[in-house]
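Have a look at the picture first, then follow the points below.

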Amino acid sequence: MLTDLHIAVIGGDARQLEVIRKLIQLDAKTSLIGFDQLDHGFTGATKYQIEELDFSDVDAIILPVPGTNHEGQVDTIFSNEKVVLTEEILKKTPEHCIIYSGISNGYLNELVKTTNRKLVQLFERDDVAIYNSIPTVEGTIMLVIQHTDFTIHGSNISVLGLGRVGMSVARSFAALGANVKVGARKSEHLARIAEMGLQPFYLSELDKEIADSDICINTIPYPILTAKTLSNVPTHALIIDLASKPGGTDFRYAEKRGIKAILAPGLPGIVAPKKAGQIVANVLVNLLKDAADAREEKK
């Protein structure tokens with residue numbers, strides 16, 4: 001149980017609704033900011049404007065998966081209120097207050113540094129990332145079917161990166177009968193790709209290897225599909241970029257060449273928000289319990 005913990009949930013999409021349900025179920029004092037237009041209320045939670053909430057007894061702040069933008073603004077799907085997380089707000093919280101976010105950026109990193117608060121990035125955790133790869137794969141398959149006029153079976157698919165998402169994507173498309181090759185930088189990753197029965201290649205050879213691709217799925221969060229590389233991609237090819245914004249694709253050049261390229265981060269929250277929210281909620285609850293137990297031991 002989370003009795004006696006005060007948790008502030010600030011903004012977010014449908015995934016946060018599962019988090020809120022779990023917090024209420026476990027008896028946490030739950031304050032909601034950025035949910036004033038939510039159709040159904042949550043008995044046991046209280047809605048606030050950000051300037052109304054007393055942060056002096058907040059034990060944890062839960063942000064949406066993207067955290068904040070580079071000006072500190074938080075996405076609020078269920079509100080028109082402009083919500084900005086500031087240094088002034090965090091300084092009002094107790095020293096033990098922990099901020100939970102899916103990912104981070106320069107603004108959020110600097111904010112927790114100047115206020116000496118702890119930031120936990122949930123999507124850096126293997127358990128969250130692996131669980132989330134399941135709806136990510138399903139969403140990717142959906143996009144491929146929607147945006148191609150050929151079958152996945154027998155098509156040539158290049159997957160860039162063998163991280164937690166890349167591995168699941170590659171395995172799933174191979175199971176559907178595609179000819180899957182996977183690009184990676186590390187020799188141990190290439191060995192794993194070969195062990196999976198897929199075709200490995202070094203990313204340094206991407207320009208050559210991508211030339212016969214019908215579909216390219218990128219999971220690498222830095223510019224990898226540059227104009228130079230895209231000049232070798234067949235114009236009928238479909239690119240699905242799963243990396244966090246702004247992705248790893250030169251979308252301007254892809255459009256110029258007539259290549260369909262889709263930036264699709266956050267697919268779990270789009271195709272399976274309930275399941276994606278439950279994944280985050282279950283991990284969050286364990287982290288909140290561990291943090292509370294650690295504080296008790298120090299007393």
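In this predicted model, helix α4 (residues 126–146) and helix α5 (residues 164–175) pack at an angle of about 45°.

- The axes of α4 and α5 are 8 Å apart, and α4 passes α5 in a right-handed crossing.
- On the α4 side, the residues making the contact include Ala 129, Ile 130, Val 137 and Ile 141.
- On the α5 side, Val 165, Val 169 and Phe 173 are among the residues that take part.
- Sorted by class, this contact has eight nonpolar, five polar and two charged residues.

**The sheet**
- Strands of a sheet pair through backbone hydrogen bonds, and they can do so in a parallel or an antiparallel way.
- Here, six strands form an open sheet with parallel pairing, in the order β3-β2-β1-β4-β7-β8.
- The edges are taken by β3 (45–48) and β8 (118–121), and each has a single partner strand, so one side of each is left without a neighbour in the sheet.
- On average, neighbouring strands of this sheet are turned by 20° against each other, direction ignored.
- Four bridges link β7 (residues 98–101) with β8 in the parallel sense, and Ile 99 stands opposite Leu 119 in β8.

**Helices on the sheet**
- Helix α3 (residues 106–115) packs on the sheet and touches β7 and β8, and its direction makes about 145° with that of β8.
- Helix α11 (residues 273–298) also packs on the sheet, where it touches β1 (6–10), β4 (60–62), β7 and β8.
- The direction of α11 makes about 165° with that of β7.

**Backbone details to look for**
- Most residues other than glycine have a negative phi, and most peptide bonds are trans.
- Asp 4, in the segment before β1, has a positive phi near 80°.
- Asp 4 counts as exposed because its relative accessibility is 73%, and the cut-off is over 50%.
- Asn 116 sits in the loop between α3 and β8 and has a positive phi of about 60°.
- With 64% relative accessibility, Asn 116 counts as exposed too.
- Lys 245 and Pro 246 are joined by a cis peptide bond, with omega about 5°.
- Pro 246 belongs to the loop between β13 (238–241) and α9 (251–257).

Notes
Residues numbered from 1 in each chain as written. Predicted model: local features only at pLDDT ≥ 70, side-chain atom pairs only at ≥ 80, totals over all residues. Heavy atoms only, no water. Pairing = 2+ DSSP bridges. Helix = DSSP H or I, 4+ residues; strand = E, 2+ residues; numbered from the N terminus. Axes fitted to C-alpha atoms, helices over the stretch in contact; angles between N-to-C directions. Contact = heavy atoms within 4.5 Å. Left-handed = near helix turned anticlockwise from the far one by under 90°. Nonpolar A, V, L, I, M, F, W, Y, C, P; charged D, E, K, R; others polar. Buried < 20%, exposed > 50% of the residue type's maximum accessible area, 1.4 Å probe, protein only.
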